[in-house]
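The sequence and the structure come first, and the text is meant to be read beside them.

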Amino acid sequence: MKKLILFLLPFMGLAQEQPAKKAWLKDKTLIAIPVVFRFPETGWGWGAAATSTWRWAKDAEWAKPSQASLGLTFTQKKQVLAFLPFQVFLDNNRYYLNADIGWFKYNFFYYGIGENAVPQERYEVKFPRIRLLAVRQLGGSKNLYAGFRVNYEEYSVYGQEPAGELAQGDIEGSEYSRTSAIGPALFYDSRDAVFYPRKGIFGELNFLSSLKGLGADRNFSQLSLDVSGYKSLGKDWVLAGNLYTVNSFGRATPFSQLGMLGGPKKMRGVYQGFFRDKNVALLQSELRWEIWQIIGMNFFGNLGFLGNENDFLRLEHPKFTYGLGLRIATKNHLNLRLDYGFSPYGKGNFYATVGEAF
């Protein structure tokens, strides 16, 4: 809390206390950590990241907490990642904002589209990203929200491998794409807690159209569903499940905007984007075990499918990964997450981050 400041009033010969400013926040926490990593595609990397949680001072004690993170990292190969994701509940949960904002100068790997796998291709990219969800409670419902989602991304690709598929120019967006999309969104939240739910449902359904009239360089649309459910199996056990689907419409959908599986949240065990196609469907399940005080474990499995305009989902070609993880709880049960995912498609992947995958 700020110290009270004394102002001298020379003409009155008195000193008066300035009234303390009214607090905006309560139940505040802050986790700040240095970041050091090394990957073959980046060399050494370093930076810092911080995560904060809070409730608004004017909200009731039962109001859901908000969270925001801020990070900046640099790599030996002159790459930059700056990111600001947040989820904010306002006015006793009446409004909800969720955003993923960042600017990236980085490199990624490309493994092909659909079942047409290609050898790993490395490419460089620069892009800003804005993904924003803004919704309000519907009528008398405390769980159902409606509003809109906005997505903007300007994807400049360079440094493609000369003999690779991206360098041939046949893949949509293999050199440049600008996505500018907006559309309606429905949001549902009956979780008993934001960061570590033991019961309830949490999900979003949206339909976005990226149009030249909105500033995009091509027209396409997407329907997305992301819904999670939680069930307590006793004092120390929670069963969690997640269904994630993306359906893309339009031949001009750039490869960077196709449905993707992999990474720290959507199919741990393979590289993010290892699987991508116009249609994707993913089922995830987790068994969460609180072992002792702040220590927990997690066991997870994932099953995914790909499809396109010709084959909605190729159920005969399932994809799967599995793994386990360690949890270290902080205030409000915002967990430090250490996961290792195994896959039959190569070596596994390790993830260290804050917050559950879903």
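The model is a predicted one. Strand S4, which covers residues 43-56, and strand S5, which covers residues 66-75, pair in the antiparallel sense over 10 bridges, and within this pairing Ala 50 has Leu 70 of S5 as its bridge partner.

On S5 there is also a pairing with strand S6 (residues 80-90), again in the antiparallel sense, over 6 bridges, where Leu 72 has Ala 82 of S6 as its bridge partner. S5 and S6 form a hairpin with 4 residues between them, and in its turn Lys 78 has a positive phi of about 65°.

## Nonpolar cores

The largest nonpolar core has 15 residues, of which Tyr 96, Leu 133, Val 135, Tyr 145 and Phe 187 touch the most other members. Strand S8 (116-137) and strand S10 (176-189) are the elements that give two or more residues to this core. A second, separate core has 14 residues, including Tyr 106, Tyr 123, Tyr 155 and Val 157.

The surroundings of Tyr 145 can be listed in some detail: leaving aside neighbours within four places in sequence, Tyr 145 is in contact with Phe 89, Asn 93, Arg 94, Tyr 95 and Tyr 96, with Val 135, Arg 136, Gln 137 and Leu 138, and with Ala 185, Leu 186 and Phe 187.

## Two cavities

A search of the whole structure finds 2 cavities of 30 Å³ or more. The largest cavity holds about 70 Å³ of space, and among the 13 residues that line it, Glu 290, Ile 295, Gly 296, Arg 327 and His 333 are the closest to its centre. Strand S16 (279-292), strand S17 (295-307) and strand S18 (319-329) are the elements that give two or more residues to this lining, which by class has 6 nonpolar, 4 polar and 3 charged residues.

The second largest cavity holds about 60 Å³ of space. Its lining is formed by Asn 151, Thr 179, Ala 181, Leu 208, Ser 209, Ser 210, Phe 220, Ser 221, Gln 222 and Gln 257, and the elements that give two or more residues to it are S10, strand S11 (200-210) and strand S12 (220-232). By class, this lining has 3 nonpolar and 7 polar residues, with no charged residues.

For S18, the covered face carries Lys 319, Thr 321, Gly 323, Gly 325, Arg 327 and Ala 329, whereas the uncovered face carries Phe 320, Tyr 322, Leu 324, Leu 326 and Ile 328.

S17 and S18 pair in the antiparallel sense over 10 bridges, with Leu 326 in S18 as the bridge partner of Met 297. S18 is also joined by 8 bridges to strand S19 (residues 335-342), and these two strands run antiparallel, with Leu 324 opposite Tyr 340 in S19. The hairpin of S18 and S19 has 5 residues between the strands, and in this hairpin Asn 332 takes a positive phi near 65°.

Ser 224 lies in strand S12 and counts as buried because its relative accessible area, 16%, is under the 20% cut-off. Not counting residues up to four places away in sequence, Ser 224 touches Glu 204, Leu 205, Asn 206, Thr 245 and Val 246; the C-alpha atoms of Ser 224 and Thr 245, which are 21 residues apart along the chain, are separated by 5.7 Å. Asp 170, by contrast, is placed in the loop between strand S9 (144-158) and S10, and counts as exposed because its relative accessibility, 66%, is over 50%.

Most residues other than glycine have a negative phi. Asp 27, in strand S3 (residues 25-39), has instead a positive phi near 50°, and at 26% relative accessibility Asp 27 counts as partly exposed. Gln 293, in the loop between S16 and S17, likewise has a positive phi, of about 50°, and at 65% relative accessibility Gln 293 counts as exposed.

Note on methods:
Residues numbered from 1 in each chain as written. Predicted model: local features only at pLDDT ≥ 70, side-chain atom pairs only at ≥ 80, totals over all residues. Heavy atoms only, no water. Core = buried A, V, L, I, M, F, W, Y, C linked by side-chain atoms within 4.5 Å. Buried < 20%, exposed > 50% of the residue type's maximum accessible area, 1.4 Å probe, protein only. Contact = heavy atoms within 4.5 Å. Pairing = 2+ DSSP bridges. 1 Å grid on protein atoms, 1.4 Å probe; cavity = no way out; pocket = protein on both sides within 12 Å on 5 of 7 lines; lining within 4 Å. Points joined across faces, edges and corners; volume = space filled by probe spheres on them. Nonpolar A, V, L, I, M, F, W, Y, C, P; charged D, E, K, R; others polar.
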